[in-house]
Amino acid sequence: MANTLLRVENIGKRFGGVIALKGVSFAIGEAEIVALIGENGAGKSTLMKTLGGVHQPDTGQIYVDEKPVKITNARDAMANGIAFIHQELNVLDNLDVGANIYLGREPKTLGIINSSEIYRQAQVYLDRLGLKVNARTQLAELSIAEQQMVEIAKALSQNARVIIMDEPTSSLTLKETERLLSVCKELRGEGVSIIYISHRLSEIIEIADRVVALRDGANAGDLTREQITHDAMVNLMVGRELARFKLPHHTAILDRFVTVKNLRTQRYPDQTVSFDIGRGEILGFAGLVGAGRSEVAQALFGVEPGLEGAMEIGGSESFLAHTAAQAIAHGVFLVPEDRRKTGLLLDWSIRDNISLPALRRDANKGFVNRTREKQIADEQKISLQIKAPNVEARAGNLSGGNQQKVVLAKWLSLNPRMMIFDEPTRGIDVGAKAEIYRLMRELADRGVAVMMISSDMEEVLGVSDRIAVMCEGSLTGFLTRAEATEQRVMNLAVARAHEAVA
Ligand SMILES: Nc1ncnc2c1ncn2[C@@H]1O[C@H](COP(=O)(O)OP(=O)(O)OP(=O)(O)O)[C@@H](O)[C@H]1O
Ligand SMILES: [Mg+2]
């Protein structure tokens, strides 16, 4: 390592009965990219939050340029050259880009905020990152990838020496991910250091100079550049060899268990989408972000009702759900993409979150069976390996990946006929991913039609029995397992809408 820029020693942190960090040490040099890896709940975000001034460590010391420092809030972090891009983005989408970058630090002339100066300066950083966005644009109009770049621009404008990125690519498409990785390399070239947290090991192989692994809140080992391989990282994280995941595929699929005909969504009112899913089939939905896949899912689940169209399940009458309750009544369930908005009640316990939909369904029976409820939650906690002291823990206190598991558990506790998963393994570690794939397969084998939207190419190719590809609101093609390759999927994902299949 070149000159040590930032170093922590023996950091301990406990939340009530949960010991999140047990004396962790970590260091990063100048112009270095260090990947921080570990299973869900290993303590990665917590460690970084002590550097970002979000949490105060119970024990240990932070050094910047080998001098002990205390970081009690975001301002201290900034003063020490540390910028933190959170796992769940922190931007204010009712402001414009420039205002976000300079929030609380607005350049002033005679005590008055100088807006034109804000936009001028902000634009310099946006241009430097190659982001083709005007600083006066409202943040809400940007994609997640662009919002993330805005956060990086903000870090640069604060003269950050270390930028912490907590799962920066989990909501990005392939292309956007590539762009982010090259920006990371450029920043390193300019002397900026990056702490990079990701569950996508291929990204780490591409950019990291060093890997630091945590396991159960403690250091589990480091890897130098030459030692970084997929298997070496998995070994450090899991503490044992993990067979590479291979999902068995289904052969005997009952055709057309679910049919969707001429669905017209609010987002793409000029296009219609028709497809079917066999009983026991996992139909993967590939496409670029914004292709309209989530809109199809939300229309089928009745949360953003379709303008037109109909579906049938197992020879039922045609219907188009106008509320989630109607969809649920037909046995259709959605595990949504943004767990913070639609999937999870953060202030509720794991148990309440898991039992919520079942509770609604059974509400007319007039009573809540607490014992049964706890039993279901306990079973799910074990089968999905949800890391928490018990099912009474507050969902908002769980690590990112464990929150996703609770969302899954909540729907699995019902008896679905069609399950729609929107980006089901975002932010989920290798071991638990395999568990979720296994669960999907199990659901399918129990006769459920599974629709899986995913932007993770490995997942789409590895898990789907068949792949539907969307582009700009239309289905541009279907690929059987035998036909599917990354190239073919990508070609269809960027195919122009007018070439779409009907
Ligand atoms: N505010 C909090 N209150 C209670 N427990 C917490 C809090 N924040 C984190 N924890 C617990 O600390 C442990 C470490 O969580 P952390 O978020 O650091 O994990 P992580 O390594 O970032 O995981 P992931 O890959 O899922 O994001 C977990 O068991 C988590 O539930
Ligand atoms: Mg985390």
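**View 1. Helix α5 is mostly covered.** Eleven of the 14 residues of α5 are buried, where buried means under 20% relative accessible area with a 1.4 Å probe and protein chains only. The model is predicted: local features need pLDDT of at least 70, side-chain atom pairs count only at pLDDT 80 or more, and totals for chains, interfaces and linings use all residues. The buried set is A145, Q147, Q148, M149, V150, E151, I152, A153, A155, L156 and S157. Helices (H or I, at least four residues) and strands (E, at least two) are DSSP runs, numbered from the N terminus. The cover over these buried residues includes the helices α3 (97-102), α4 (115-128) and α6 (174-189). Strands β6 (82-85) and β9 (162-166) also belong to the cover. Contact here means heavy atoms within 4.5 Å.

View 2. Helix α5 runs over residues 144-157. Its 14 residues should span 20 Å at 1.5 Å a residue, and the end C-alpha atoms are 20 Å apart, which agrees. The expected span is 1.5 Å times one less than the number of residues. Just after α5, N159 takes a positive phi of about 55 degrees.

**View 3. N262, a positive phi in a strand.** N262 is not a glycine, yet its phi is positive, about 50 degrees. The residue is found in strand β13 (residues 254-264). N262 has a relative accessible area of 41% and is partly exposed; that class lies between buried and exposed, the latter being over 50%.

**View 4. E472, a positive phi in a loop.** Phi of E472 is near 45 degrees, positive in a residue other than glycine. E472 sits in the loop between β20 (466-471) and β21 (474-480). Its relative accessibility is 47%, and it counts as partly exposed.

**View 5. The whole protein, for context.** The protein has 17 helices and 21 strands. Its radius of gyration is 24 Å, close to the 23 Å of the globule rule for 502 residues, so it is as compact as a globular protein of that length. The radius is taken over C-alpha atoms; the rule is 2.2 Å times the number of residues to the power 0.38. Along the principal axes, the C-alpha atoms fill a box of roughly 70 × 50 × 50 Å. Of the 502 residues, 54% count as buried. Among contacts between residues at least 6 apart in sequence, 65% join residues at least 24 apart.

Residues are numbered from 1 along each chain as its sequence is written.

Key:
Chains are lettered from A and ligands numbered from 1 in the order in which they are written. Side-chain values use heavy atoms; hydrogens and water are left out.
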